[in-house]
Amino acid sequence: MNKFGEWMDNFAQGIREHVKLGPKLTETLKGKLRLGARILQVGGLEKVFKQNFSVSNGEKLLKASQCYLSTTAGPIAGLLFISTDKVAFCSERSIKLSSPTGKQFKIHYKVTIPLGKIKRANESENAKKPRQKYVQIVTEDRFEFWFMGFLNHQKAIKNLQRQPLKLHR
C-alpha cells in the first residue's frame, strides 16, 4: 500500500506541475479535451503519430506522453512520441506564423530527433523547486531540447531508458 500511496503522490504532483505550465487552468483543460477528442477522431495515438511524422517501414510507436517542450517563447504543450527510430514532439495546438508576404497560417510545432543523432538524455530538476523535473535531450550536433511537465515523469524516464539513449541523472 505504501508504494501505491507514493505513486499516487507522484502522479498528483505530475498533474499539478503539468497544469501549472499552461497559460491558464481553463485553457489547459480545454487543450486536454481538444487533444483527447483529436486522438479519438483519428483513431488512437499510433495514427496521430503516423499522421504527423514520416514513419519508415518497420518503425513502431513504443510510447507517447503528454508534456511541454521548452522554447524561447515559453513552454508548448504537446505529445512526446518514442518510436523504434526516433523521439518526436508535436504541439497540442497549432501556432500562428506569418509568411514573408505577410500571409498568416497555422501549423503544429514539431520536433523529430532520430535515435542515432541523440548524444545523451539528461534528467534534471529545478534546484529551487525539486518537484519540477526536466528531461534534456542533447543531439550529436549539440542542439538541446528540454521537455518538462510530464504527467508521470518517472514513467517517461523509464520509457526513454528503454531506448538506446544514454540517460544521465
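Start by selecting helix α3, residues 45–52, and show the side chains of Glu46 and Lys50: the two sit four residues apart, about one turn of the helix. (Helices are DSSP runs of H or I with at least four residues, strands are runs of E with at least two, and both are numbered from the N terminus.) An α-helix has 3.6 residues a turn, so residues three or four places apart point the same way.

You're looking at a predicted model, where local features need pLDDT of at least 70, side-chain atom pairs count only at pLDDT 80 or more, and totals for chains, interfaces and linings use all residues. Residues are numbered from 1 along each chain as its sequence is written, and side-chain values use heavy atoms, with hydrogens and water left out.

Now zoom in on that pair. Glu46 and Lys50 form a salt bridge, 3.8 Å from N to O (a side-chain nitrogen of Lys or Arg within 4 Å of a carboxyl oxygen of Asp or Glu). Buried or exposed, or in between? Glu46 has 34% relative accessibility, so it counts as partly exposed, and Lys50, at 47%, is partly exposed too. (Buried is under 20% relative accessible area, exposed is over 50%, and partly exposed is in between, using a 1.4 Å probe and protein chains only.)

Stay on α3 and pick Val48, Phe49 and Asn52, the buried residues of this helix.

Next, select Lys86 and Glu59, whose side chains meet in a salt bridge at 2.8 Å, N to O. Lys86 is in strand β3 (86–98) and Glu59 in the loop between α3 and β1 (61–69), so this pair ties together parts 27 residues apart in sequence. Both Lys86 and Glu59 are buried. A search of the whole structure finds two salt bridges.
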